[in-house]
Amino acid sequence: MKYFNFILIVFLFQFNFISAQIESTGTIIIDPTLSVKLDKDLGNSQIKITLTGLSDRWFSIGLNAQLMLMNADCLMVTSNTQFSDMYFPGGHATPLFDSTNDWTLISNNVNNNLRTIVASRPFITGDNHDLIFTAQTNNLNYIWAYSSIPGFDLISHGPDNYGGGVFVFSNLGLNNSENNLFSIYPNPSQNNINFITNANENYKVIIADYLGKTIYSNDFFGKEFSIDISNFNSGFYFVTLTSQFKKSTLKFVKK
């Protein structure tokens, strides 16, 4: 029994150590057709992106940016097969390709008209157009856009298909990446958060602030519903959904 307990302790230690080496933003649902997740592998100094968008057109994420004016790092799906390393040249000009694509494409899968790209690169590439990641990179502004019409020609995204937010990295055990019960969007949000669940069931919804104090509780039924958060103070919150057999928690930001 002592030997078994020792093995169990070692296993738990190793599991916790491995978990501590991965920090993630969790999956951020920007809208029903666009989502993004960043994972920092601290042990190997690698950043991994999981980016999903419509399969028939370009879509992109700008890192450490609030406007295209910032000459920032930009990642874009520019064809059925190409995940491109780009940057903003300044002004509202079309992004330009980096001289070297430092992202290694891991997978490129299409399902139900949505394309999911998984790619990775080192924290530091040596390219002055690439954002440098560190273990201390915790909050990161981003911008996003996708074409309003099918096609990969880098034309304007249109007046509605762009926006921005903030990536917040946290330990893998506390972030959104382990959730398999529901998703929320937009995140961050100013007025409403919309829920998409896996099944038509009864759900208990509890929202807590960063101190763990419950500030909202209600019951819902169905696969889609919304909650008005316009009266919440700006900051980080945790929303927990409980069904008959499952319980999951996501983190969101009230702007």
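Colleague: Is Trp-103 buried or exposed?

Modeller: Trp-103 is buried, because its relative accessible area is 6% and the cut-off for buried is under 20%. Keep in mind that this is a predicted model.

Colleague: Which ring does Trp-103 pair with?

Modeller: Trp-103 forms an aromatic pair with Phe-83. The geometry is edge-to-face, with 6.0 Å centre to centre and 80° between the planes.

Colleague: And where do the two sit in the chain?

Modeller: Phe-83 lies in strand β7, residues 83-87, and Trp-103 lies in the loop between β8 and β9, so the pair ties together parts that are 20 residues apart in sequence. Phe-83 counts as buried too, at 5% relative accessibility.

Colleague: How many aromatic pairs does the structure hold?

Modeller: The structure holds 10. One of them is Phe-123 with Phe-133, which is tilted: 6.3 Å centre to centre and 40° between the planes. Both residues are in the loop between β10 and β11, 10 residues apart. Phe-123 and Phe-133 are both buried.

Colleague: Which residues form an aromatic cluster?

Modeller: Phe-182, Phe-195, Tyr-203, Phe-220 and Phe-225 form one cluster.

Colleague: Switching to charges. How many salt bridges are there?

Modeller: The count comes to five. One of them joins Glu-23 and Lys-40, with the closest N and O atoms 3.1 Å apart. Glu-23 is in strand β1, residues 22-24, and Lys-40 is in strand β3, residues 34-41, so this pair links parts of the chain 17 residues apart.

Colleague: Are Glu-23 and Lys-40 buried or exposed?

Modeller: Glu-23 is buried, with a relative accessible area of 16%. Lys-40 is buried as well, with a value of 0%.

Colleague: What else does Lys-40 lie over?

Modeller: Lys-40 lies over the face of Phe-169, at 4.9 Å from the ring centre.

Colleague: Which residue does Arg-57 bridge to?

Modeller: Arg-57 forms a salt bridge with Asp-56, and their closest N and O atoms are 2.8 Å apart. Arg-57 counts as buried at 11% relative accessibility, whereas Asp-56 is partly exposed at 33%.

Colleague: What about Asp-219?

Modeller: The side chain of Asp-219 meets that of Lys-204 in a salt bridge, at 3.7 Å from N to O. Asp-219 is in strand β17, residues 214-221, and Lys-204 is in strand β16, residues 202-209; they are 15 residues apart. Lys-204 counts as partly exposed, at 33% relative accessibility.

Colleague: Now the sheet. What is the strand order?

Modeller: Six strands form an open sheet, in the order β8-β7-β6-β5-β11-β12, and the pairing is antiparallel. The edge strands are β8, residues 96-97, and β12, residues 162-168, each of which pairs on one side only.

Colleague: How many bridges join β5 and β11?

Modeller: Five bridges, in the antiparallel sense. Within that pairing, Ile-61 stands opposite Trp-144 in β11.

Colleague: Last topic, the surface. Which residues make the nonpolar patch?

Modeller: Leu-67, Leu-69 and Met-70 make a nonpolar surface patch of about 290 Å². Leu-67 is found in the loop between β5 (59-63) and β6 (73-77).

Colleague: What is the relative accessible area of Leu-67?

Modeller: The value for Leu-67 is 46%, which makes the residue partly exposed.

Key:
Residues numbered from 1 in each chain as written. Predicted model: local features only at pLDDT ≥ 70, side-chain atom pairs only at ≥ 80, totals over all residues. Heavy atoms only, no water. Patch = residues over 30% accessible without salt bridge, like charges linked within 9 Å, V, L, I, M, F, W, Y side chains within 5 Å. Areas by Shrake-Rupley, 256 points an atom, 1.4 Å probe, with all protein chains shown as cover. Salt bridge = Lys/Arg side-chain N within 4 Å of Asp/Glu carboxyl O. Helix = DSSP H or I, 4+ residues; strand = E, 2+ residues; numbered from the N terminus. Buried < 20%, exposed > 50% of the residue type's maximum accessible area, 1.4 Å probe, protein only. Pairing = 2+ DSSP bridges. Phe/Tyr/Trp six-rings, centres within 6.5 Å; stacked < 30°, edge-to-face > 60°. Lys NZ or Arg CZ within 6 Å of the ring centre and 35° of its normal.
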